[in-house]
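I opened this entry to keep track of what I looked up.

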Amino acid sequence: MVQPVMPKTWYRPTKPHKFCPGCGHPLILKALGEAADELGIQNQLIYGCDIGCSLLSWDFFAMDSTQTHHGRTTPVMVGMKRARPELICVGYMGDGGGYSIGSQHLVNSAIRNEKITLILANNTNYAMTGGQLAPTTLPGQKTETTPLGRDPESTGYPVMGPEMISAITGAGAYVARGTVSKYRQLKGFIKRALQNQMEGNGFSFVEALSTCPTNWGTNAKQTWNWLEDNMQAYFPTGELKSPFRKED
Amino acid sequence: MEKPVTGSKKVFMTGNESVAWAALAAEADVMFGYPITPQNEIMHYWARLGPKYGRKFLQTEDEISAGFTVCGAVIAGKKAFTATSGPGNTLMQEPFSMAEGMKLPTVTVIQQRGGPSSGTVIYSQQEVTLTTYGGNGEGHRLVYSTASNQELYDYTIKAFNVAWKYKFPTFVLGDGYQAKMREPLEIYDPAERGIELIEPTPLVGVPGQIGVDREPQHLCNIYSLEEELYEAVMHLQSEYDRISPEIVEYEISFVEDADILVVSHGVVSRSVDDAVEALRAQGIKVGSFRPITLRPFPTQALLDVLGSGVKKMLLVESSYGQLFRLVRQEIYGETVPIETLFKPGVGIIDTDIIEMIANMI
Ligand SMILES: Cc1ncc(C[n+]2csc(CCOP(=O)(O)OP(=O)(O)O)c2C)c(N)n1
Ligand code: SF4
């Protein structure tokens, strides 16, 4: 049987990885790995992961990596980048880490146009802690803390992260939303978000729509349908802001 | 680039200013900070002086961020520090706990203000418990309690060296009085005093090619198994126990024949010194013990003094027993009676202590 090719920047001794079957995280990390391969930045890229299911990737890459705390990956990467601008600092987090507990860091580092790259997995729930309401949970979606479905009247509407970031960043920022169902496009966004940092242009942010069959309670088909029919309808994919010419 | 401090210079400056000069002299690379009184001027001086010597500064969005940016810079191998007080110290416990867990040599200057809550912006010694044992860990930290602007200078330099030598988060615990008061002191180039500055080393972005001549660095702070965490904490504990004898510092005066031993720390110990001198002039046998390191605590030194015939102890502090609890836990089993003079958030002068001792004899 032909084995799928792993990116060179994946760390083989820790494969197979620890994510659930059908999880979107490893697809996003594959896109990151392939983008890093193509840019030849294995020795310069420093990978920081949040606490959330993203923490499972702490030894995922054959690249220097560090865990941080829930929501605090952004300031750790900011500190690293400020200290050593030659490093390519990439933070990886969930929607809870980025948009809720760490939102002040996300917003302020975006305003300061910090020259870091952040990749945020939007799976519409807090996965690691067992499927609670996230800022991205869709209206009507059931979670452990919204058992009757999210009621925007009491918990608001899903956060539109890239739209917010693109509104508050200055020139040079790169902002996009991709989805694991359009892998090539997502990889292109992540690659450009890395290039943007390498060129020192500004803050680079990619939200990736991701799957969580374990907490959604969905089978393979339902998982994919939920992603393509519900999530992608609510969260439009594409580049929102780019110093590069549009190309796919 | 020219050194910020050459030779040795007599100056008259506030504690905050002396911290900024010390950080420059210690070759600190970057400061991250968030405004809070009474530490603001550390940032102000650093923000002005730093760039002249190629040093960096960032005002972060809050203290959580200041603490974590310091962690990031330290992981990248730079001497990074922050300064805070009161509610800011509370917020920083989360990054300090990461620094403990990952053995990151962060340096933090705490200028204590009154608490709880926003308290006062003036002064206290109420951040002892928080600074020594805050966070969800075992207090694997190094904490120096200073008493003067000279010591703020000396111990800030020392903090960077000790942090990077032993790889534990290190604190200089001052207070609002020291922060704002002007005093004569000597600032100096550490090299002139034979102090060798420890070079920082990175944990990530280290030399070599991954997969060719080195493995990738994978730093973690969360464990899957109880036993893994146990191993990690016990390793920290044994490291801490091993290095503690090299780190503990204290000051004693008139202890040889003392009937009453006054125990205090930080700026309060200066009032104690004045009181002890005055009482000695009256022939009253009083001595003073001042821990300089609150973590690790100079336990053996205190036990030795107590063992030499002390009849009573007086604990004096500008908090309601934070030093007292620390001391009591360290000398567990000692039966010397302890009296206390607690003034939470309020300054203590020599006459307060003299009066108290008059009632004890
Ligand atoms: C300060 C703090 N609060 C709470 C937690 C518990 N916690 C761990 S992961 C997590 C949520 C993770 O959700 P998300 O960030 O969306 O990532 P996902 O697991 O969905 O990938 C929470 C609340 C924590 N580790 N630290
Ligand atoms: S719980 Fe959800 S997000 Fe976490 S690994 Fe499993 S599928 Fe992925």
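**Ligand surroundings**

I began with ligand 2, where helix H8 (residues 213–216) of chain A supplies the largest share of the shell, three residues. I keep in mind that this is a predicted model. I listed the residues around ligand 2: A:Phe19, A:Cys20, A:Cys23, A:His25, A:Cys53, A:Asn123, A:Ala127, A:Cys212, A:Pro213, A:Thr214 and A:Asn215. I sorted that shell by class and got seven nonpolar residues, four polar and no charged.

Next I turned to ligand 1. I found 16 residues surrounding it, and the closest are A:Cys53, A:Asp95, A:Gly96, A:Gly97 and A:Met128. A:Cys53 is also listed around ligand 2. Helix H3 (residues 95–101) of chain A gives the most to the shell around ligand 1, four residues. By class I have six nonpolar, nine polar and one charged.

Then I checked backbone atoms against the oxygen atoms of ligand 1. A backbone N or O atom of A:Gly96 sits 2.8 Å from an oxygen atom of ligand 1. For A:Gly97, I also read 2.8 Å from a backbone N or O atom to an oxygen atom of the ligand. A polar backbone atom of A:Asn125 is 3.1 Å from an oxygen atom of ligand 1. Taken alone, ligand 1 exposes 590 Å², and the protein buries 75% of that.

**The sheet that takes in chains A and B**

I traced an open sheet of eight strands with mixed pairing, in the order S7(A)-S5(A)-S6(A)-S4(A)-S3(A)-S1(A)-S2(A)-S9(B). Strand S7 (238–241) of chain A and strand S9 (218–219) of chain B stand at the edges; each has a single partner strand, so one side of each is left without a neighbour in the sheet.

Strand S3 (residues 88–94) and strand S4 (residues 117–122) of chain A run parallel and are joined by five bridges. A:Val90 has A:Thr117 as its bridge partner in S4(A). Helix H7 (residues 183–198) of chain A packs on this sheet, and its direction makes about 160 degrees with that of S5(A). I noted its touched strands in chain A as S1, S3, S4, S5, S6 and S7. Helix H9 (residues 220–234) of chain A lies across S4, S5 and S6 of chain A, at about 135 degrees to S6(A).

**The chain B sheet**

I followed five strands of chain B in an open sheet, ordered S10-S12-S11-S14-S15, with mixed pairing. Its edge strands are S10 (250–253) and S15 (338–342), and each pairs on one side only. I read an average twist of 20 degrees from one strand to the next.

Strands S11 (residues 260–263) and S12 (residues 286–291) of chain B run parallel, joined by four bridges. I found B:Leu261 opposite B:Gly287 in S12(B). Helix H11 (residues 322–330) of chain B lies across S11, S12, S14 and S15 of chain B, running at about 140 degrees to S14(B). Helix H12 (residues 350–360) of chain B packs on the sheet and touches S11, S12, S14 and S15; I have its direction at about 155 degrees to that of S14(B).

Most residues other than glycine have a negative phi, and most peptide bonds are trans.

- The bond from A:Lys15 to A:Pro16 is cis, with omega near 5 degrees. A:Pro16 lies in the segment before helix H1 (25–39) of chain A.
- The bond from B:Gly115 to B:Pro116 is cis, with omega near 10 degrees. I placed B:Pro116 in the loop between strand S5 (107–112) and helix H5 (128–133) of chain B.
- B:Lys103 is not a glycine, yet has a positive phi of about 55 degrees. I placed B:Lys103 in the loop between helix H4 (86–102) and S5 of chain B.

Note on methods
Residues are numbered from 1 along each chain as its sequence is written. Chains are lettered from A and ligands numbered from 1 in the order in which they are written. This is a predicted model: local features need pLDDT of at least 70, side-chain atom pairs count only at pLDDT 80 or more; totals for chains, interfaces and linings use all residues. Side-chain values use heavy atoms; hydrogens and water are left out. A residue is near a molecule or strand if one of its heavy atoms lies within 4 Å of it. A polar contact is a pair of N or O atoms within 3.5 Å; within protein, one must be able to donate a hydrogen and the other to accept it, and residues adjacent in sequence count only if both atoms are side-chain atoms. Accessible areas come from the Shrake-Rupley method with a 1.4 Å probe; for residues, only the protein chains shown count as cover. Helices (H or I, at least four residues) and strands (E, at least two) are DSSP runs, numbered from the N terminus. Ala, Val, Leu, Ile, Met, Phe, Trp, Tyr, Cys and Pro count as nonpolar, Asp, Glu, Lys and Arg as charged, and the others, Gly among them, as polar. Two strands pair if DSSP finds at least two bridges between them. Axes are lines fitted to C-alpha atoms, for helices over the stretch in contact, and angles run from 0 to 180 degrees between N-to-C directions. Contact means heavy atoms within 4.5 Å.
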